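Here's a walk through one chain, from its overall layout down to individual side-chain pairs. Keep the viewer open and follow along.

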Amino acid sequence: MSGNLPVQSVTADYAQRVADDLAANRSEQERVRSELARLQDELVRLEDSEQVLTKMQDVLGGTPKQTAKQRNGGKGAAVPAARGSNGKKAAAAAGRKTSKKTVSPKKAGEPTWLELTTAYLGGQSEPRSAAEVAASLTEAHPERTVQVAVVRNSLEQGVAQGLLERSKQGRSVFYSPTVPVSVPSGS
């Protein structure tokens with residue numbers, strides 16, 4: 001009978017070690033996932049900033065051909081992330097490609113992109129991605145050139161102004177209107 005006791009103890013020790021290793025592995029996976037999401041968000045922000053700066057450079061009389069070459073040269077590093085994102089990055093890349101076209105300026109009286117995006121999201125029952133918002137705005141406003149990057153910038157502007165909320169699900173970012181804070185009162 002004393003022969004069985006050490007075997008059970010060794011088995012229990014190994015079972016505990018495996019359980020501890022599994023918990024550590026899962027914890028490390030979660031840490032890496034959150035770091036990856038943070039880095040992808042940072043990359044999206046940097047790409048958006050690059051587009052804004054490129055447009056500003058074009059307006060100020062910079063050299064757009066040089067900038068286009070630089071952007072194409074930097075695409076190689078983003079390819080692995082684009083493959084893993086199931087087309088959302090591809091939609092963003094398609095939006096970037098349309099930025100080479102001449103974009104007609106907003107006419108007087110037309111709503112801004114921020115107004116269009118917040119109005120669209122206000123009528124939705126669940127959060128939407130920038131690509132989904134851009135696709136819907138393309139259908140609703142065929143006379144305007146809709147770019148995913150411009151829509152994303154407008155959505156981020158809405159978040160900064162407190163008009164919209166950003167939520168993340170895995171690597172995806174979704175936007176929704178802010179929920180008004182209810183003030184406890186008799187009205």
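Going along the sequence, the order of elements is α-α-α-α-α-α-β-β, which amounts to 6 helices and 2 strands. Keep in mind that this is a predicted model. The chain has 187 residues, and 27% of them are buried. Its accessible surface is about 12800 Å², with carbon and sulfur atoms accounting for 58% of that. As for how the chain folds back on itself, take the contacts between residues at least 6 apart in sequence: 56% of these link residues at least 24 apart.

Let's begin with the inside. The largest nonpolar core has 16 residues, and the members that touch the most others are Leu121, Val133, Leu137, Val151 and Leu155. Beyond the four places on either side of it in sequence, Leu121 touches Arg128, Val133, Leu155, Leu164, Tyr175, Ser176 and Pro177.

Now for the two strands. S1 (residues 164-169) runs antiparallel to S2, and 6 bridges join them. Apart from its neighbours within four places in sequence, Ser176 is in contact with Leu121, Pro127, Leu164 and Glu165.

Val159 and Pro177 are 18 residues apart along the chain, with 8.9 Å between their C-alpha atoms.

Next, the charged pairs: the count comes to 8 salt bridges. One of them joins the side chains of Arg31 and Glu28, at 2.5 Å from N to O. These two are 3 residues apart in helix H1, so about one helical turn separates them. Arg31 is partly exposed at 43% relative accessible area, and Glu28 is partly exposed at 40%. There is also a network of salt bridges that links Glu35, Arg38 and Glu42.

Other pairs span much more sequence. Asp41 forms a salt bridge with Lys168, and their closest N and O atoms are 2.3 Å apart. Because Asp41 belongs to helix H1 and Lys168 to strand S1, the pair ties together parts 127 residues apart in sequence. Are the two partners buried or exposed? Asp41 is buried, at 12% relative accessibility, while Lys168 is partly exposed, at 48%. Asp48 forms a salt bridge with Arg152, where the closest N and O atoms are 3.3 Å apart. Here Asp48 is in helix H1 and Arg152 in helix H6, so this pair ties together parts 104 residues apart in sequence. Both Asp48 and Arg152 are buried.

Finally, look at the surface. Val52, Leu53, Met56, Val59 and Leu60 make up a nonpolar patch there, with about 540 Å² of accessible area together. Leu53 is part of helix H1 (residues 4-59). With a relative accessibility of 54%, Leu53 counts as exposed because the cut-off is over 50%.

Terms used:
Residues are numbered from 1 along each chain as its sequence is written. This is a predicted model: local features need pLDDT of at least 70, side-chain atom pairs count only at pLDDT 80 or more; totals for chains, interfaces and linings use all residues. Side-chain values use heavy atoms; hydrogens and water are left out. A nonpolar core is a set of buried Ala, Val, Leu, Ile, Met, Phe, Trp, Tyr and Cys residues joined through side-chain atoms within 4.5 Å. Buried means under 20% relative accessible area, exposed over 50%, partly exposed in between (1.4 Å probe, protein chains only). Contact means heavy atoms within 4.5 Å. Two strands pair if DSSP finds at least two bridges between them. Helices (H or I, at least four residues) and strands (E, at least two) are DSSP runs, numbered from the N terminus. Patches are made of residues with over 30% relative accessible area and no salt bridge: like charges are joined within 9 Å, nonpolar side chains (Val, Leu, Ile, Met, Phe, Trp, Tyr) within 5 Å. Accessible areas come from the Shrake-Rupley method with a 1.4 Å probe; for residues, only the protein chains shown count as cover. A salt bridge is a side-chain nitrogen of Lys or Arg within 4 Å of a carboxyl oxygen of Asp or Glu.
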